[in-house]
Amino acid sequence: MIELKHVSKWYGQTQVLNDCSTQIALGEVVVICGPSGSGKSTLIKTINALEPIQQGEIYVDGVPVHDPATSLPTLRSHVGMVFQHFELFPHLSVMENLTLAQIKVLGRSVDQATTHGLKYLERVGLLAHKDKYPAQLSGGQQQRVAIARALTMDPKVMLFDEPTSALDPEMVGEVLDVMTSLAHDGMTMMCVTHEMGFAKRVGTRVIFMDVGRIVEDCSKDEFFNHPERRQARTKEFLGKILQH
Amino acid sequence: MLDLDLSFVTLELMRKFILQGFVFSVQLTVVASLGGLVIGTLLAICRLSGWKTLAALSAFYVNTMRSIPLVMVILWFYLLIPLLTGHSIGVEFSAYFTFVAFEAAYFSEIMRAGISSVSPGQKNAALALGLTPAQSLQQVILPQAFRNMLPVIFTQTIVLFQDTSLVYAIGAYDLLKGFVTAGKIYGRPEEAYLLAAVIYFALSWAASWGVKRLETRIAIVR
């Protein structure tokens, strides 16, 4: 479904991604973790070309993302993305947030887009809020709308960039619940997160990154059940976050 | 000392001398602010586009316009065009054109600040949904930029309304000219100037009050 081959990226002189390679199969839920500045958010944004790369190859469902001839809007319309700070459009109502891209990008009629939008709004349990504006919703509700917005495009894969990091602790659960049910439905997901509980429950694979490199890339069971086989850097990181 | 006699101010005088000037001043303000806003937004987009030449040209235009006193732009344009083209273009058209061109520079800076006030995450979210960069700008960035800057845009329009009195330099018949003309005819120039000042003040003050109310309303919506 997704293939990264020797991906490297620089910001000026600073290398932020260093020879990253991995593959994600259909239906996999891959959790990417690592310390801040390790390049995990950058890596996930290269997949829909929000971050251009200078070296390497990326394929999404066979489409070469790195190829300048590839139509990025078309590619992106098949790849859902959820951001740390939700990024709902504050000047549009919840319903308009859900229908804008369906109408402008997929060419759906207003009726079609609305029906489709309501379906996903119900799925995230926010049907009652369809006419509100984003600022009238809590953080957790906003993030659920953002997930619904991505789903209305019928994406082949969903990318999550620290979807719960900006939330109050008591709202993390409602967002993780939506993500969990999505995973159980067989959605292919890549998720940058520090929620190790989520990784253990629904992840199929874990990628650990440090200073722009992929340090670990193994199954969830291998990652959590065999700490003795992990790299020193991974042990140190896990030791710090799992203590609490 | 100043001996004021306002008895010459009648409805008849208002209708005969002031109304026409008032209408022109308002028309000039509306045309210049709308035209200036549209062209200014385009200039701001050029300035913020990644294209260096386009950005430099836009910056040059904006900085040049903002460095020249408005009254000189009005005069030059009115005097130069007949020299260059061989025929006169008329006072009113000249005023419309000059004000749109001049205000575009100021509105460009306002819209540039407005576009910059929208977080880069918004653009990413729009692009991630598959919108093209142009659609992102049109559907997501500009509406927010415009709304964020609305109070500043209106404030600039009030300043613009006051600045329209500078068309006296080319003899256009605006609100001020109406009062001056009436003052001359009735032999009461001091009273006429005073009355003009009062009217400009009252209109601008009322508009400022409206903008303040608008600001609090926008603040609640957001």
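Two strands are taken to pair if DSSP finds at least two bridges between them. On this basis, in the predicted model described here, 4 strands of chain A form an open sheet in the order 2-1-4-5, and the pairing within this sheet is antiparallel. Its edges are formed by strand 2 (14-24) and strand 5 (63-64) of chain A, each of which pairs on one side only. Strand 5 of chain A is joined by 2 bridges to strand 4 (residues 55-60) of chain A, the two running antiparallel, and within this part of the sheet Tyr59(A) stands opposite Pro64(A) of strand 5.

Two residues in this region of chain A have a backbone angle that calls for comment. Most residues other than glycine have a negative phi. Asp61(A) counts as partly exposed because its relative accessibility is 40%, a value that lies between the limits of 20% for buried and 50% for exposed residues.

Strand 9 (residues 205-210) of chain A has partners of both senses. With strand 3 (residues 29-33) of chain A, strand 9 pairs in the parallel sense over 4 bridges, and Cys33(A) stands opposite Phe208(A) of strand 9. With strand 10 (residues 213-219) of chain A, strand 9 pairs in the antiparallel sense over 6 bridges, Val206(A) standing opposite Cys218(A) of strand 10. Strands 9 and 10 of chain A form a hairpin with 2 residues between them, and in the turn Val211(A) has a positive phi of about 35 degrees. Strand 9 of chain A is largely enclosed by the rest of the structure, because 6 of its 6 residues are buried. Arg205(A), Ile207(A) and Met209(A) point one way from this strand, whereas Val206(A), Phe208(A) and Asp210(A) point the other way, and all of them are buried.

In soluble globular proteins, nonpolar side chains tend to be buried together. In the present model the largest nonpolar core has 51 residues, and those with the most contacts inside this core are Phe89(A), Leu159(A) and Met190(A). Helix 6 (residues 133-163) of chain B gives the most to this core, contributing 6 residues. When residues up to four places away in sequence are not counted, Phe89(A) touches residues of both chains, including Asn97(A), Leu100(A), Pro134(A) and Arg149(A) as well as Gln122(B), Ala125(B), Ala126(B), Leu129(B) and Val140(B). A second, separate core of 45 residues includes Val145(A), Met171(A), Val175(A) and Val202(A).

Nonpolar residues are also found on the surface, where Leu19(B), Phe22(B), Val23(B), Val26(B), Val30(B), Leu34(B) and Leu203(B) form a patch with about 540 Å² of accessible area together. Helix 1 (residues 11-48) of chain B supplies the largest share of this patch, 6 residues. Val30(B), one of the residues of the patch, is found in helix 1 of chain B and counts as partly exposed because its relative accessible area is 42%.

How values were computed: Residues numbered from 1 in each chain as written. Chains lettered and ligands numbered in written order. Predicted model: local features only at pLDDT ≥ 70, side-chain atom pairs only at ≥ 80, totals over all residues. Heavy atoms only, no water. Patch = residues over 30% accessible without salt bridge, like charges linked within 9 Å, V, L, I, M, F, W, Y side chains within 5 Å. Areas by Shrake-Rupley, 256 points an atom, 1.4 Å probe, with all protein chains shown as cover. Salt bridge = Lys/Arg side-chain N within 4 Å of Asp/Glu carboxyl O. Buried < 20%, exposed > 50% of the residue type's maximum accessible area, 1.4 Å probe, protein only. Core = buried A, V, L, I, M, F, W, Y, C linked by side-chain atoms within 4.5 Å. Contact = heavy atoms within 4.5 Å.
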